[in-house]
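I opened my notebook to this model and wrote down what I looked up, entry by entry.

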Amino acid sequence: MEKTQTLDLEKNFRVSPIHRGDNFHIVFAEYYYSDSGKKISDWLNDKRHRQKADNLSYRVINHWENMGLLSSDRPSGKGWRKYSIMDRVYIEVVIALRTLGFPLEKIRTLKETLEWPRNEKKPGAFPVLEMMVAHGLVYKYPAHVLVMLDGKGEVVSYDEYTFAIESCALDDHITISLLPILQKLFPDKDLSPEVKHSYTLSDAEFELLWMIRMENCDSITIKAKDGTVTRLDASKPLDVNKRIVDILRGQDYQNIEIKQRQGKVVFMRTTTRKDF
């Protein structure tokens, strides 16, 4: 029988000046155990990107890797380094801290605290940071990385940070905003912050917002019953140079439209279906 790993939230979330209400624990669990959350998590942690040389020199990258601050998908130290979106978000946090003169030894402490609660299946992942990144991309809701003077850190929502400031619960710290980082990584998206009270969406509603924000769909059809979304059909254009076999592997169900002119494929569109 397959064993399912669960997180004991009361045990794993450490005591800090940040007030984590019940809503946080519910949203955290829903993100990591819902189908849409798992799909987005895989996308955020897929090491398929290269870090642009103009952002960071290779000498600095080598030094940070040797200190254990970074890891990349580069077997035996050869070939191009490949990073996930989460890696790139974390790198931008490190760049900001180094610009402010924060010591590398304390940044290593920050990395250790951001990796907590640790996931055996995803070593080196940043669970709370990842959830805040996903919510930033979907809801455009502000979040911050708080770094204390000893290097320990927390990732907090706008509401949590505002409450901590108003209650005078925080000592001296550095604040790094996540939305500007995401806007830098996704310049073609409008990630202007939208400050609203926290709320919870269903799996289908979260999936719908993700399609709207991130998947470049040109049409989405929603089927609902008694006010509940039961199916989403999303259409979007495809790269005409992409191989059909790779397109077929990407989805369990899809309708593919292909247009050909003078022996060449000039247009492709896929319509995918998700039932709830």
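In what order do the 4 strands of the open sheet stand, and is the pairing parallel or antiparallel? I read the order as β4-β5-β7-β6, with antiparallel pairing; strands here are DSSP E runs of at least two residues, helices are H or I runs of at least four, both numbered from the N terminus, and two strands pair if DSSP finds at least two bridges between them. The edge strands, each pairing on one side only, are β4 (219-225) and β6 (254-261).

Before going on I noted that this is a predicted model, in which local features need pLDDT of at least 70 and side-chain atom pairs count only at pLDDT 80 or more, while totals for chains, interfaces and linings use all residues. Residues are numbered from 1 along each chain as its sequence is written, and side-chain values use heavy atoms, with hydrogens and water left out.

**Sheet and helix α10.** I followed β4 into strand β5 (residues 228-237) and found antiparallel pairing over 7 bridges, in which Lys-223 has Arg-231 of β5 as its bridge partner. Helix α10 (residues 203-214) packs on the sheet and touches β4, β5 and β7 (264-275), where contact means heavy atoms within 4.5 Å. The direction of α10 makes about 15° with that of β5; angles run from 0 to 180 degrees between N-to-C directions, and axes are lines fitted to C-alpha atoms, for helices over the stretch in contact.

**Strands β1 and β3.** Strand β1 (residues 143-148) pairs with β3 in the antiparallel sense over 5 bridges, and I found Val-147 opposite Ile-174 of β3.

**Helices α7 and α9.** I then looked up how helix α7 (residues 127-139) packs with helix α9 (residues 178-185), and found an angle of about 65° with the axes 10 Å apart. That makes α7 roughly perpendicular to α9, a term that covers 65 to 115 degrees. At this packing, Leu-129, Met-132, Val-133, Gly-136 and Leu-137 of α7 meet Leu-178, Leu-179 and Leu-182 of α9.

**Nonpolar core.** The largest nonpolar core has 56 residues, and among those touching the most other members are Leu-44, Leu-129, Val-133, Leu-137 and Leu-178. Such a core is a set of buried Ala, Val, Leu, Ile, Met, Phe, Trp, Tyr and Cys residues joined through side-chain atoms within 4.5 Å, buried being under 20% relative accessible area with a 1.4 Å probe, protein chains only. Leaving aside neighbours within four places in sequence, Leu-44 is in contact with residues including Tyr-31, Ile-85, Met-86, Val-133 and Leu-137.

Notes
Buried < 20%, exposed > 50% of the residue type's maximum accessible area, 1.4 Å probe, protein only. Parallel < 35°, antiparallel > 145°, perpendicular 65-115°, else oblique.
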